[in-house]
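Here's a quick tour for anyone meeting this structure for the first time. Have a look at it, then read on.

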Amino acid sequence: MSRDRDPRTLRRPARSALIAASVTALSLTASGCVVVHGEREILPSTTRAEAAKALEEFTAAYNAADKAYDGGLDAEHTTGALADIDSARLKAGKANNPDGNPNHTPLELTDAKFTIPKKAGWPRWFLVDAAGNKGGTARWLLVFTRSSLDDPFQVAYLTLVAPGKVPAFKKDADGWAEPVPVNATDLAADPGGLSQTYTTYLKNGGETFADGPHTSQWRALRQKNAKKPGLVTQYIDEPLTNGDYAPLALRTTDGGALVFFTTRHYEKQTAHTGTSFPVPNKDVLALTKGEIKQSLMMEFVSNEVALDPKGQGKVTILGRIQGMTSAEGS
């Protein structure tokens, strides 16, 4: 579940604005003036109308999959971290409820705000900030991405952020946002290395990240759970940065960046000799291979969104969604 994924292809409706711009660029070669490659031209990642359509299609597919507990119904609309988390959730749900989700409530996303960066090359991507009928008052942040003009837009990142915490984004006169290169050096932390920086912090601590539920409090909780009566828990954290797990960042009005990135986590629980292993819940068991005798190794994929300030300062993790993707007993 945590492997880098090949982009899936599906022909979609005409993208007139992007195609027209590419054709204009390519037509210059016929006059002998200049050679311009469409994939290198700086263009908006999509039109606002197409972004709204992609959100509508994702929501419909997500609801259908959740109702039926059928991962095939939204597989063409998810990728990266969200695909790993969502497909595992649906697999466990189907195993325990073959007739579908008895507690299904359709997801409704309203007050959607679209932030579309103007950039060259692939992937093209955009951010949706919406209110949801789940998750209390939190804002839903969804990052849609695609790797070619023939690919569908798919959601790679989905996180929930407290209201008022989503920053304002830098935009040009036409309202297009500015992407931040993963190797940017003007920020407190390198966006491309943030996944590695975060996993190193979880193991060793440090001063890079501001205190909060996904940093200092999570480390404290894991240390508390490491040794419980009759049970020892070990943690391994790994960065995920390639392909559909690549970090994506947007420039904020204060010169900083909002960064989306992915991590993978392993949690091994081992019962003391002579004690029985506590029975996991049914969703964990549905994703577990092998017999749980003395230990259980669980794999999780997590997607985070962080506020990375300009210059000096501490990185703040604004939100994190994590899901178990597999487990093995021994």
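Let's start with a pairing: strands S10 (257-271) and S12 (residues 295-308) run antiparallel over 14 bridges. Strands here are DSSP E runs of at least two residues, helices are H or I runs of at least four, and both are numbered from the N terminus; two strands pair if DSSP finds at least two bridges between them. This is a predicted model, where local features need pLDDT of at least 70 and side-chain atom pairs count only at pLDDT 80 or more, while totals for chains, interfaces and linings use all residues. Residues are numbered from 1 along each chain as its sequence is written, and side-chain values use heavy atoms, with hydrogens and water left out.

**Around S12**
- S12 is largely enclosed by the rest of the structure, because 12 of its 14 residues are buried (under 20% relative accessible area; exposed is over 50% and partly exposed is in between, with a 1.4 Å probe and protein chains only).

- S9 and S10 pair antiparallel over 4 bridges, with Ala 249 opposite Val 259 of S10.
- Five residues lie between the two strands of this hairpin, and Gly 255 in the turn has a positive phi of about 95°.

**Helix H5**
- Trp 218, Arg 219 and Arg 222 are buried in H5 (residues 216-225).
- Those three cover an arc of only 100° around the axis, so they end up on the same side of H5; the arc is taken from the directions from the helix axis to the C-beta atoms.
- Gln 223 and Lys 224, on the other side of H5, are exposed.
- Among the elements covering the buried residues of H5 are helix H4 and strands S8, S10 and S13 (contact means heavy atoms within 4.5 Å).

**Nonpolar cores**
- A nonpolar core is a set of buried Ala, Val, Leu, Ile, Met, Phe, Trp, Tyr and Cys residues joined through side-chain atoms within 4.5 Å.
- The largest one has 19 residues, of which Phe 58, Phe 126, Leu 142 and Phe 144 touch the most other members.
- H2 gives this core its largest share, 5 residues.
- A second, separate core of 17 residues includes Leu 187, Val 259, Val 315 and Ile 317.
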